[in-house]
Amino acid sequence: MENCPVSTPKGPTLAFLPTTKGEASTDGPQVLQPSGWLAPKGYANGMTADGRLVVTGGVIGWDDQGRLPTDFVAQVRQTLSNISAILAEGDARPEHLVRLTWYVVDMEEYLSNLKTLGKIYRDIFGAHYPAMALVQVVRLVEKAARVEIEATAVVPR
């Protein structure tokens with residue numbers, strides 16, 4: 001093996017970032033951010049975590065009486081609140097989230113409300129931004145739903 005060349009990996013190296021500023025603990029999810037990449041705003045490129053998995057199905061903005069607001073922003077607020085409640089049932093908190101997948105019926109409606117949605121998100125989940133995907137769909141199963149979100153959390157052991 002003396003004659004085998006040693007190869008050095010090319011491309012960006014991977015950094016493990018704490019989930020919140022100043023936090024150095026490896027308890028809980030950590031952001032995966034390749035070095036040299038611009039930091040994303042409002043989401044993470046990737047996450048890593050070790051622990052017990054808590055997942056939701058596609059969650060919409062129904063209240064506890066099964067009523068769905070007609071307004072997109074109100075639906076997002078209720079959907080995120082519903083996810084928070086589901087996480088709590090699994091002894092998880094928003095900072096345990098590692099992935100959110102958003103399905104919206106109107107991308108322009110989402111984009112035109114970014115500032116308000118960001119505030120709602122922070123009010124419910126804090127400043128924890130897991131890996132996220134956003135997909136526009138033709139419609140959702142519940143015809144009046146404007147947004148549906150799936151969540152994955154990992155609770156440290």
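Me: Which backbone oxygen does the side chain of Thr79 reach?
Reply: In this predicted model, the Thr79 side chain reaches the backbone oxygen of Gln75 at 2.7 Å. Residues are numbered from 1 along each chain as its sequence is written, and side-chain values use heavy atoms, with hydrogens and water left out. Local features need pLDDT of at least 70 and side-chain atom pairs count only at pLDDT 80 or more, while totals for chains, interfaces and linings use all residues.

Me: Is Thr79 buried or exposed?
Reply: Thr79 is buried, with a relative accessible area of 0% (buried means under 20%, exposed over 50%, partly exposed in between, with a 1.4 Å probe and protein chains only). Its place is in helix α1 (a DSSP run of H or I, at least four residues).

Me: What does Thr79 touch?
Reply: Leaving out residues up to four places away in sequence, Thr79 touches Val59, Ile60, Gly61, Val147 and Ile149 (contact means heavy atoms within 4.5 Å).

Me: Different topic. Which residues touch the most other members of the largest nonpolar core?
Reply: Phe72, Leu80, Leu100 and Trp102, out of 24 residues. Such a core is a set of buried Ala, Val, Leu, Ile, Met, Phe, Trp, Tyr and Cys residues joined through side-chain atoms within 4.5 Å.

Me: And which element gives the most to this core?
Reply: α1, with six residues.

Me: How about confidence, what is the average pLDDT?
Reply: The protein averages 86, and 83% of the residues score at least 70 (pLDDT is the predictor's confidence in each residue, from 0 to 100).

Me: Where does pLDDT stay under 50?
Reply: Over residues 1-25, for which the model has 28 contacts beyond four places in sequence.

Terms used
Helix = DSSP H or I, 4+ residues; strand = E, 2+ residues; numbered from the N terminus. Polar contact = N/O pair within 3.5 Å; in protein donor to acceptor, adjacent residues only side chain to side chain.
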